[in-house]
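Please look at the chain shown below.

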Amino acid sequence: MEAEKTTPIGRVHSIESFGLVDGPGVRFVVFVQGCQMRCKFCHNPDTWDMNSTRDYTEYTPQQMFDKAYRCKPYWGKKGGITVSGGEPLLQIDFVTEFFKIAKKKGIHTTIDTAGNPFTMEEPFYSKFVELMKYTDLVMLDIKHTDPAGHKSLTGKDNANILEMARWLSDHGKEMWIRRVLVPGITDDKEELKQLRQFIDSLKTVSRVEILPYHTLGMFKWENLKIKYPLEDVPTPTAEQVKEAEEILGIVKEDSDKQAKLDPEHEKRLLKGCN
Ligand code: SF4
């Protein structure tokens with residue numbers, strides 16, 4: 001007899017009803033709890049602990065979808081739902097069920113992942129293949145291409161992350177590749193050239209983005225009483241960002257830039273959505 005399937009419960013750290021930077025168009029963004037990496041620049045260290053009872057709210061996939069769906073009028077043709085984190089792949093059963101419901105309604109789905117849980121081993125691999133059936137876009141952060149550099153920056157190896165990128169390419173899954181640019185740590189020209197070479201070897205990358213390092217999450221480290229490791233590291237200058245963009249072959253087009261709405265207009269739009 002087949003075992004009865006239980007509904008996966010999502011541990012959700014927070015929600016953004018009107019995300020403009022987490023995928024195409026306007027997005028309902030779900031930030032899930034839990035991450036096994038320890039990036040030195042992380043601006044969400046409060047998402048790390050999967051079991052921290054004070055930091056998350058539980059949702060079934062249907063509850064999460066019902067909440068998101070109220071925002072549908074604002075998604076237009078390009079927008080939809082993004083699951084970010086923390087690390088979405090740590091709650092793969094929940095995300096798969098959530099996306100299954102969304103795809104039945106024809107909604108665009110994106111995960112924003114750093115890829116750390118990826119493995120070709122079971123039971124994860126089959127679950128990942130299933131999730132990809134309902135995922136339109138993967139936004140993959142490649143923190144560092146060099147294994148030692150990656151380990152020093154995040155505490156984890158990167159072989160499985162690069163393997164995941166190759167898997168997505170081989171299976172025709174659209175990807176955006178993102179890089180957080182930290183001066184002196186992830187802006188080395190040779191390493192950026194290596195990243196460019198790696199991206200060029202992939203067939204399904206439709207966009208590459210530089211995310212300039214910022215210190216807005218520093219107060220969270222203080223609240224958690226964890227020493228912030230990049231205290232003396234400055235944010236990158238516009239020239240440093242431009243140089244990195246040039247190495248990665250990023251071309252900025254006007255149509256690419258997503259217009260920011262003024263806060264009052266945004267509030268009016270969001271009335272009735274949450
Ligand atoms: S992968 Fe993301 S959530 Fe996890 S530590 Fe790095 S920046 Fe933070």
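In this predicted model, helix α1 (residues 61–69) and helix α2 pack at an angle of about 50°, with their axes 9 Å apart. The crossing of α1 with α2 is right-handed. On the side of α1, the contact is made by P61, Q62, M64 and F65, and on the side of α2 by F94, E97, F98, I101 and A102. Sorted by class, the residues of this contact are seven nonpolar, one polar and one charged.

Helix α2 (residues 92–104) also packs against helix α3 (residues 124–133). What are the angle and the axis distance for α2 and α3? The angle is about 25°, and the axes are 9 Å apart. Angles under 35 degrees count as roughly parallel, and α2 and α3 are therefore roughly parallel to each other. The crossing of α2 and α3 is left-handed. I92, D93, V95, T96 and F99 of α2 meet K127, F128, E130 and L131 of α3 in this contact. Five of the residues in the contact of α2 with α3 are nonpolar, one is polar and three are charged.

Now take the chain as a whole. The chain has nine helices and eight strands. Its radius of gyration is 18 Å, close to the 19 Å that the globule rule gives for 274 residues, so the chain is as compact as a globular protein of that length. Along the principal axes, the C-alpha atoms fill a box of roughly 55 × 50 × 40 Å. Of the 274 residues, 34% count as buried. Among contacts in the chain with a separation of 6 or more, 80% are between residues 24 or more positions apart.

Q240 is part of helix α8 (residues 238–247). Is Q240 buried, partly exposed or exposed? A residue needs 20 or more neighbours to be buried and 12 or fewer to be exposed; Q240 has 17 C-beta neighbours inside 10 Å, so Q240 counts as partly exposed. Leaving out residues up to four places away in sequence, Q240 touches L181, P183 and D187. Q240 and P183 are 57 residues apart in sequence, and their C-alpha atoms are 8.1 Å apart in space.

Technical notes:
Residues are numbered from 1 along each chain as its sequence is written. This is a predicted model: local features need pLDDT of at least 70, side-chain atom pairs count only at pLDDT 80 or more; totals for chains, interfaces and linings use all residues. Axes are lines fitted to C-alpha atoms, for helices over the stretch in contact, and angles run from 0 to 180 degrees between N-to-C directions. Helices (H or I, at least four residues) and strands (E, at least two) are DSSP runs, numbered from the N terminus. Angles under 35 degrees count as roughly parallel, over 145 as roughly antiparallel, 65 to 115 as roughly perpendicular and the rest as oblique. A crossing is left-handed if the near helix is turned anticlockwise from the far one by less than a right angle, and right-handed if clockwise. Two residues are in contact if their C-beta atoms, placed from the backbone, lie within 7 Å. Ala, Val, Leu, Ile, Met, Phe, Trp, Tyr, Cys and Pro count as nonpolar, Asp, Glu, Lys and Arg as charged, and the others, Gly among them, as polar. The radius of gyration is taken over C-alpha atoms; the globule rule is 2.2 Å times the number of residues to the power 0.38.
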